[in-house]
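Let's take a friendly walk through this model, from helix packing to the metal site and the pockets. Have the sequence and the 3D view open as you read.

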Amino acid sequence: MAFELPKLKYSYDSLEPHIDSKTMEIHHGKHHAGYTNNLNNAISGSELENHSIEEILKNLNMENSALRNNAGGYYNHNLFWDILSPSGGEKPNGKLLESINNGFESFENFKEEFSKAAATRFGSGWAWLCVNENGTLKVCSTANQDNPLMPGIGCDGFPILGIDVWEHAYYLNYQNRRPDYINAFFNVINWEKVNEKYLANS
Ligand code: MN
């Protein structure tokens with residue numbers, strides 16, 4: 001069974017002014033579609049066609065760069081669209097907020113640490129908030145389309161929030177001002193969804 005590009009639950013222009021419509025259109029319709037097609041090509045005719053994307057990532061041969069880049073790219077963008085919302089931006093609540101306060105002392109400290117991980121990721125990559133089985137949280141970042149679920153990535157836990165810091169995610173609107181994009185991202189985070197992922201994976 002082939003992987004499919006997910007339909008977005010909001011329109012391309014609905015995250016403006018924080019993420020512009022043209023960037024969304026190209027990011028989802030071209031970049032994510034490209035990862036999806038290339039992932040399907042990479043697994044075509046192999047037993048991996050019957051595996052979930054999580055299984056593929058967890059058991060990945062890291063030397064298979066076509067699979068590493070495109071399985072990562074497929075999964076990472078699925079998560080990214082899922083945790084964005086035009087009505088996002090409120091602070092988290094519930095168990096997730098409790099855990100953020102325990103792990104980072106305050107939401108503001110968490111935001112600073114996450115933003116720093118995203119801003120200082122050299123070149124292309126992602127910053128993540130990951131949860132461990134005991135419910136503790138950790139911020140980390142990965143290069144290119146790597147993902148915390150991949151073996152030996154040094155970013156343990158299950159990713160529940162991620163920001164894409166590839167230039168294709170922000171350059172049309174923000175050019176070289178990656179920190180401004182990171183700050184704007186916080187206005188469109190769907191914390192309810194992140195909390196759901198926290199509860200399901202801790
Ligand atoms: Mn991207």
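## How the helices pack

Helices (H or I, at least four residues) and strands (E, at least two) are DSSP runs, numbered from the N terminus. Axes are lines fitted to C-alpha atoms, for helices over the stretch in contact, and angles run from 0 to 180 degrees between N-to-C directions. This is a predicted model, in which local features need pLDDT of at least 70 and side-chain atom pairs count only at pLDDT 80 or more, while totals for chains, interfaces and linings use all residues. Residues are numbered from 1 along each chain as its sequence is written, and side-chain values use heavy atoms, with hydrogens and water left out.

Start with helix α4 (residues 94-104), which packs on helix α8 (residues 191-200) at an angle of about 80°, the axes being 8 Å apart. The two are therefore roughly perpendicular to each other (angles under 35 degrees count as roughly parallel, over 145 as roughly antiparallel, 65 to 115 as roughly perpendicular and the rest as oblique). On the α4 side, the contact (heavy atoms within 4.5 Å) is made by Lys95, Leu96, Ser99 and Ile100, and on the α8 side by Trp191, Val194, Asn195, Tyr198 and Leu199. These residues divide into six nonpolar, two polar and one charged (Ala, Val, Leu, Ile, Met, Phe, Trp, Tyr, Cys and Pro count as nonpolar, Asp, Glu, Lys and Arg as charged, and the others, Gly among them, as polar).

Leu97, Ile100, Asn101 and Phe104 of α4 meet Phe107, Asn109, Phe110 and Glu113 of α5. Five nonpolar, two polar and one charged residue make up this contact.

## Backbone details

Most residues other than glycine have a negative phi, and most peptide bonds are trans. In the loop between α4 and α5 sits Glu105, which has a positive phi of about 80° although it is not a glycine. Glu16 and Pro17 are joined by a cis peptide bond, with omega about 0°; Pro17 belongs to the segment before α1 (21-43).

## The manganese site

Which residues are the protein donors of the manganese ion? They are His27 (NE2), His77 (NE2), Asp164 (OD) and His168 (NE2), lying 1.9 to 2.1 Å from the ion. Donors are N, O and S atoms within 2.8 Å of the metal (3.2 Å for Na, K and Ca); water is not among the atoms, so sites may look incomplete. The donor spacing in sequence reads H-x49-H-x86-D-x3-H.

His77 lies in helix α3 (residues 65-82) and His168 in the loop between β3 (158-164) and α6 (171-174), so this pair ties together parts that are 91 residues apart in sequence. Asp82 is also in helix α3. Leaving aside neighbours within four places in sequence, Asp82 is in contact with Lys9, Asn190, Lys193 and Lys197.

## The second largest pocket

Lining this pocket are Ser85, Ser87, Gly88, Gly89, Glu90, Lys91, Pro92, Asn93, Ile189, Asn190, Trp191 and Glu192. A pocket is an open set of points, on a 1 Å grid over the protein atoms alone, where a 1.4 Å probe fits, with protein on both sides within 12 Å along at least five of seven lines; lining residues have an atom within 4 Å of a point. The lining divides into three nonpolar, six polar and three charged residues.
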